[in-house]
Amino acid sequence: MNSEGLISRLMIGNSMFLETNKFIGDISLDKRKELKNGQNPYAIILTCSDSRITSEAIFSAGLGDLFVIRVAGNIVGPSEIASIEYAANVLGTKLLMVMGHTHCGAVNSAINGESCGHLAYVLDEIKEGIDDETDDKKASFKNVEHSINKLREKLYLTDRLEIVGGVYDIETGKVDFSI
Ligand SMILES: [Zn+2]
């Protein structure tokens, strides 16, 4: 399947989630048996650790479908880059989606200049992406763009991987695929 087909699969999965309001991914015993010898996820999702986001539910995906990396503020650091390279270069996944979300606590903390302990690492990264943007929704879009730019610069073998961005609305459940 080409990258347009893979993006469509995510979009259709999100539409099904919106229609059903249920988790409809395949988590059956048969599926688990089928996957015992390996995985071939169709997309990598880099998203926030926020408890209101479950990528498999949002995209109506089952076991083995998505390679999900979660970190506060969906930032890009060495561990995220390495995880993406593993999925792209070892598992052969061809699509990466960086997905931010509305009402992101990390983005809001970056806007408000709040920080303590190691959180500064995450917030400094977000601040670099959002500049002086104070609208948290616009800032979430800018933060996703920043992560994508950083990945395009740092990833090894990026030409094999299509990178797209989106923002998940935590209230409606809809993913904006416009980035
Ligand atoms: Zn967040």
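Colleague: Is Asn143 buried or exposed, and what is its relative accessible area?

Modeller: This is a predicted model. Asn143 sits in helix H7, residues 136-154. Leaving aside residues up to four places away in sequence, Asn143 touches Gly73, Asn74, Val107, Ile126 and Ile130. Buried means under 20% relative accessible area, and Asn143 is buried because its value is 1%.

Colleague: What is the pattern of helices and strands along the sequence?

Modeller: The chain has seven helices and five strands. Read along the sequence, they give the pattern α-α-β-α-β-α-β-α-α-α-β-β.

Colleague: How does the radius of gyration of the chain stand against the globule rule, and what is its value?

Modeller: The C-alpha trace spans about 50 × 35 × 30 Å along its principal axes. For 179 residues the globule rule gives 16 Å, and the chain is close to that, so it is as compact as a globular protein of that length; its radius of gyration is 16 Å.

Colleague: What share of the contacts with a separation of 6 or more comes from residues 24 or more positions apart?

Modeller: Contact here means heavy atoms within 4.5 Å. Among contacts in the chain with a separation of 6 or more, the share from residues 24 or more positions apart is 70%.

Colleague: Which residues are the closest to the centre of the largest pocket?

Modeller: The largest pocket has a volume of about 190 Å³. Its lining has 15 residues, divided into six nonpolar, four polar and five charged. Helix H1 (3-20) and helix H2 (29-34) each give two or more residues to that lining. The closest to the centre are Leu6, Arg9, Asn40, Pro41 and Tyr42.

How values were computed: Residues are numbered from 1 along each chain as its sequence is written. This is a predicted model: local features need pLDDT of at least 70, side-chain atom pairs count only at pLDDT 80 or more; totals for chains, interfaces and linings use all residues. Side-chain values use heavy atoms; hydrogens and water are left out. On a 1 Å grid over the protein atoms alone, a cavity is a set of points where a 1.4 Å probe fits but cannot get out, and a pocket is an open set with protein on both sides within 12 Å along at least five of seven lines; lining residues have an atom within 4 Å of a point. Grid points are joined across faces, edges and corners, and a volume is the space filled by probe spheres set on the points. Helices (H or I, at least four residues) and strands (E, at least two) are DSSP runs, numbered from the N terminus. Ala, Val, Leu, Ile, Met, Phe, Trp, Tyr, Cys and Pro count as nonpolar, Asp, Glu, Lys and Arg as charged, and the others, Gly among them, as polar. Buried means under 20% relative accessible area, exposed over 50%, partly exposed in between (1.4 Å probe, protein chains only). The radius of gyration is taken over C-alpha atoms; the globule rule is 2.2 Å times the number of residues to the power 0.38.
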